[in-house]
Each structure stands twice: as structure tokens, then as C-alpha cells.
Amino acid sequence: DHVRCHYDSINGRIESNWTKKDGKVPLEVPIPGNTTADVVLPEGASDVKESGTVPAEGKDGILYVEDGQIRIGSGHYTFTFNLQ
């Protein structure tokens, strides 16, 4: 029902922190400078949002969105989604 993890890359710390509560999952993903990351959402994730809006390619560091995978550039992201 929760994860708090990190990886110390050569560019800095990459984190993934989430807690599932009542079917809702907030996911925090800080990505260091000069780094890209793929956020792979679990099967069944719905109503996916980043900072309150639907993630869209070319918006606020989001490089790619397709089939439950979101490629992001450096920055701090807060995704939310429903998962039953």
C-alpha cells in the first residue's frame, strides 16, 4: 500500500514515493537536472493527473505519454491516479 525509494544516479537522487489510500494514489517523482525518467503506471490506473491536470506531451517537462507510460525531464512531479 506504499513505497518510499530512491536511487542515487550520477546526476543526483531519483525518488519514487507513493501511498495508496481509498483507491487514490499520489505519486511524487523528483528528477535531477540533465536526466529523463520513465514513469510506468500500474495496470488499471485511471484519472491520471500531474499537478491537477491531465499530463500532455510538451507540457511542463512531460516528453512522452502513451499506454500508461510517461517520460519526464528533470523537475519535481506530483502525479495522482485512481487504482482499485
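Ile10 is exposed because its relative accessibility is 88%, where exposed means over 50% relative accessible area, buried under 20% and partly exposed in between, with a 1.4 Å probe and protein chains only. Ile10 lies in the loop that links β1 (2-9) to β2 (12-19). Its C-alpha atom is separated by 9.6 Å from that of Pro32, 22 residues apart along the chain.

The model is predicted: local features need pLDDT of at least 70, side-chain atom pairs count only at pLDDT 80 or more, and totals for chains, interfaces and linings use all residues. Residues are numbered from 1 along each chain as its sequence is written, and side-chain values use heavy atoms, with hydrogens and water left out.

Strands here are DSSP runs (E, at least two residues; helices would be H or I, at least four), numbered from the N terminus. Two strands pair if DSSP finds at least two bridges between them.

Within it, His6 has Glu15 of β2 as its bridge partner, and Tyr7 has Ile14 of β2. The hairpin of β2 and β3 has 4 residues between its strands, and there Asp22 takes a positive phi near 55°. β2 and β3 run antiparallel and are joined by 2 bridges; Trp18 has Leu27 in β3 as its bridge partner.

**The three-stranded sheet**

A second open sheet has 3 strands in the order β4-β7-β6, with antiparallel pairing. β4 (37-40) and β6 (62-66) stand at the edges with a single partner strand each, so one side of each has no neighbour in the sheet. The twist averages 15° from one strand to the next. β6 and β7 (residues 69-72) run antiparallel, joined by 4 bridges, and Ile62 stands opposite Ile72 in β7. Arg71 lies over the face of Tyr64, at 5.8 Å from the ring centre; a charge sits over a ring if NZ of Lys or CZ of Arg is within 6 Å of the ring centre and within 35 degrees of the ring normal.

| Strand pair | Bridges |
|---|---|
| β2 and β3 | 2 bridges |
| β6 and β7 | 4 bridges |

**The nonpolar core**

In soluble globular proteins, nonpolar side chains tend to be buried together. A nonpolar core is a set of buried Ala, Val, Leu, Ile, Met, Phe, Trp, Tyr and Cys residues joined through side-chain atoms within 4.5 Å. The largest one here has 15 residues, and those with the most contacts inside it are Val39, Ile70, Ile72 and Phe79. At least two residues come from each of β3 (24-31), β4, β7 and β8 (75-82). β3 gives the largest share, 4 residues.

Phe79 counts as buried because its relative accessibility is 0%. Leaving aside residues up to four places away in sequence, Phe79 touches Val25, Pro26, Leu27, Val29, Val39, Lys49, Glu50, Ile70 and Ile72, where contact means heavy atoms within 4.5 Å. Tyr77, at 3% relative accessibility, is also buried. The structure holds 1 aromatic pair. Tyr77 and Phe79 form this stacked pair, at 6.1 Å centre to centre and 15° between the planes. Rings of Phe, Tyr and Trp (its six-membered ring) pair if their centres lie within 6.5 Å; planes under 30 degrees apart count as stacked, over 60 as edge-to-face and the rest as tilted.

**The loop between β5 and β6**

Val54 is found in the loop between β5 and β6. With a relative accessible area of 56%, Val54 is exposed. Val54 touches Val48 and Lys49, not counting residues up to four places away in sequence. Its C-alpha atom and that of Leu27, 27 residues apart along the chain, are separated by 14 Å.

Conventions
Axes fitted to C-alpha atoms, helices over the stretch in contact; angles between N-to-C directions.
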